[in-house]
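Please examine the sequence and the structure shown here before reading on.

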Amino acid sequence: MNIISPSMLSADFNILGDQLKELEDAGVKWLHIDVMDGIFVPSISFGMPVIKSIRKRSDMFFDVHLMIDRPERYIHEFAESGADLINFHVEATDKVKETIELIRAEGKKVGITIKPGTEASAVEPYLDLVDMVLIMTVEPGFGGQKMIPECLKKATEIRQMCKEKGIEIDVEVDGGINADNIKDALDAGCNVFVAGSAVFKDSITENVKKLAARI
Ligand code: DX5
Ligand code: ZN
């Protein structure tokens with residue numbers, strides 16, 4: 001199934017509730033929630049209290065992207081605040097397997113994430129333990145950057161690895177996705193598409209329609 005997961009980082013937080021409602025009315029099922037700690041990435045975004053607050057009003061599937069150092073420290077808190085799926089970076093911890101197990105123990109879906117400089121082979125040992133691999137096509141830390149197209153080939157490599165292992169998972173792409181390049185990501189093997197600035201500027205409804213028409 002092909003899914004658009006709008007990144008809340010680009011929302012107007014002054015009218016966040018209205019914007020999330022507009023997404024739901026436009027048929028959006030997933031919401032991508034970027035958590036940044038100022039250590040793993042240079043910027044700081046938001047954390048548990050914000051997720052808890054929007055969880056009360058939204059039935060969307062919360063696709064939480066942890067850009068935090070040693071994510072194993074906070075799995076319980078993010079699960080409790082309303083995450084449906086927790087993505088963490090393999091570069092952020094030396095306890096990848098343990099972190100996967102912690103997320104599973106909370107009954108949540110598991111995603112593992114790689115930055116542009118990390119090879120697809122870094123996730124190979126874990127493919128049969130996760131629901132999704134998230135491929136970053138920009139350096140994590142900020143919305144509104146330009147996609148690095150070379151990163152897309154990792155989606156093809158990961159699909160091939162999964163095929164050889166006889167497993168099926170989701171492959172998500174995040175960073176600089178817009179109506180002009182979303183089809184390239186689809187063709188490379190991605191099926192979950194994060195879009196921040198391409199959704200939350202001008203008309204959210206029109207932007208969602210435009211992206212959905214290409215996949
Ligand atoms: C970047 C975040 C992305 C970002 C996407 O660190 O992980 O999810 O918000 O925004 P755009 O689509 O504008 O690149
Ligand atoms: Zn993200």
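Predicted model: local features only at pLDDT ≥ 70, side-chain atom pairs only at ≥ 80, totals over all residues.

Residues are numbered from 1 along each chain as its sequence is written, chains are lettered from A and ligands numbered from 1 in the order in which they are written, and side-chain values use heavy atoms, with hydrogens and water left out.

**Zinc site.** His32 (NE2), Asp34 (OD), His65 (ND1) and Asp174 (OD) coordinate the zinc ion (ligand 2) at 2.1 to 2.3 Å. Donors are N, O and S atoms within 2.8 Å of the metal (3.2 Å for Na, K and Ca); water is not among the atoms, so sites may look incomplete. The six donor atoms make angles of 71 to 172°, and the site is octahedral, a term that requires six donors with opposite donors over 155 degrees apart and all others between 65 and 115. Along the chain, the donors follow the spacing H-x1-D-x30-H-x108-D. Distant parts of the chain are linked by the pair histidine 65, in strand β3 (residues 61–67), and aspartate 174, in strand β7 (residues 170–174), which are 109 residues apart. Strands (E, at least two residues) and helices (H or I, at least four) are DSSP runs, numbered from the N terminus. Both histidine 65 and aspartate 174 are buried, that is, under 20% relative accessible area, whereas exposed means over 50% and partly exposed in between (1.4 Å probe, protein chains only).

**Ligand 1.** Ligand 1 is surrounded by 20 residues, the closest being Gly141, Gly144, Asp174, Gly196 and Ser197; a surrounding residue has a heavy atom within 4 Å.

| Residue | Polar atom | Distance to an oxygen atom of ligand 1 |
|---|---|---|
| Serine 7 | side chain | 2.9 Å |
| Glycine 144 | backbone | 2.8 Å |

In helix α7 (residues 204–213), the buried residues are Ile204, Asn207, Val208 and Leu211. They lie on the same side of α7 because they cover an arc of only 100° around the axis. The exposed residues Lys209 and Ala213 are carried by the face turned away from that buried side. Glutamate 164, in helix α5 (residues 153–165), is exposed, with a relative accessible area of 61%.

Terms used: Arc of directions from axis to C-beta. Tetrahedral: all angles 85-135°; square planar, octahedral: opposite > 155°, others 65-115°. Polar contact = N/O pair within 3.5 Å; in protein donor to acceptor, adjacent residues only side chain to side chain.
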